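The sequence and structure come first.

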Amino acid sequence: MDTYDQLPSCFDDPIGDSNRFAILSNVYLLSLEYTAKDSPLSTAPGQVSSAIAYAVHNVSQAGNGKTFEVRAGYMGICVTQSHTGRICSNNADVLANLIQAQKYVKNGNTSTEIIPDPLNLIMIANEFKEKIVFDGLIYIVVALAFICILLLSTFPGWHEEVDDGGSMREVKPFPSRQVTMICLLDLIAGFGFGLISVLWQHINSSATVTMTEMLSYGAVSGHVGGTAMALGWISVGLISLVGLGILVMILSIELIRKLTEED
């Protein structure tokens, strides 16, 4: 009996909240995966010795050619295998222990030892998440956006008034200049923090992928999470549009006031 057949029960919920991470497993910053078993050894210009490249390539094949992918994000790490599916956790030790349980495979009366993660991709992803990824600026942007929503809610709306002729008419007063300026400054700060955060995560993810592929001599392929990057850049774009709208409104109100005073 294959040892893999005994594992799915412990993969269902390794830490009690894995399903919460599995929902967002497609929104990740970094993905690392072992290349195919029959993939050729890659060479690069300037490579003098191939001894290390062959050694790394041979070690990477200790996983017996099984599909093994590690995804790292803000909330945790997900590991995907062809025979066990995807498991997620915010604790790398839990994932490592579960993967370590697959070390021996029984084939009849013989037992074969394999290393599911020979180049320690789980460790690399965890180091990336713990030491490179920083989500503090995102919380600041969310807080600033919430403050902006509260300020926008104070803007006056349409209401009916009686004019000099005694008829009803709908009017909408201009919002407070102080409130609109505070809202604009709030959006400028949110745009700045958001831009820094997205640039940070994009550059760091791309650099980590490139360095991992280089140091593994092509034994590991990496990808930057497109969904996470798209969400980040779209958020920054939306904040900039709102700020631009507030700025246009402030300039329009000032122009109307000047024209009214001249009349």
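## Basis

This is a predicted model, in which local features need pLDDT of at least 70 and side-chain atom pairs count only at pLDDT 80 or more, while totals for chains, interfaces and linings use all residues. Residues are numbered from 1 along each chain as its sequence is written, and side-chain values use heavy atoms, with hydrogens and water left out.

## The chain as a whole

The chain has eight helices and nine strands; these are DSSP runs numbered from the N terminus, with helices (H or I) of at least four residues and strands (E) of at least two. Of its 263 residues, 35% count as buried (buried is under 20% relative accessible area, exposed over 50%, partly exposed in between, with a 1.4 Å probe and protein chains only).

Among contacts (heavy atoms within 4.5 Å) with a separation of 6 or more, 71% join residues 24 or more positions apart. The accessible surface comes to about 15300 Å², and carbon and sulfur atoms hold 62% of that. Areas come from the Shrake-Rupley method with a 1.4 Å probe; for residues, only the protein chains shown count as cover.

## Helix H5

Helix H5 covers residues 121-132, and at 1.5 Å a residue its 12 residues should span 16 Å, which agrees with the 15 Å between its end C-alpha atoms. The expected span is 1.5 Å times one less than the number of residues.

Its buried residues are Leu121, Ile122, Ala125, Asn126, Phe128 and Lys129. They lie on the same side of H5, because they cover an arc of only 155° around the axis (the arc is that of the directions from the helix axis to the C-beta atoms). Glu130 and Lys131 are exposed on the other side. The buried residues of H5 pack against several elements, including strand E1 (30-34), helix H4 (92-100) and helix H7 (177-215).

## Helix H3

In helix H3 (residues 51-60), Ala53, Val56, His57 and Ser60 are buried. They line one face of the helix, since they fall within an arc of 100° seen down the axis. An α-helix has 3.6 residues a turn, so residues three or four places apart point the same way.

Ala51 and Asn58 are exposed on the face of H3 turned away from the buried side. The buried residues of H3 pack against E1.

## A nonpolar surface patch

Leu244, Leu247, Val248 and Leu251 form a nonpolar patch on the surface, with about 360 Å² of accessible area together. Patches are made of residues with over 30% relative accessible area and no salt bridge; like charges are joined within 9 Å, and nonpolar side chains (Val, Leu, Ile, Met, Phe, Trp, Tyr) within 5 Å. A salt bridge is a side-chain nitrogen of Lys or Arg within 4 Å of a carboxyl oxygen of Asp or Glu.

Leu247 is found in helix H8 (residues 226-262) and is partly exposed, with a relative accessible area of 34%.
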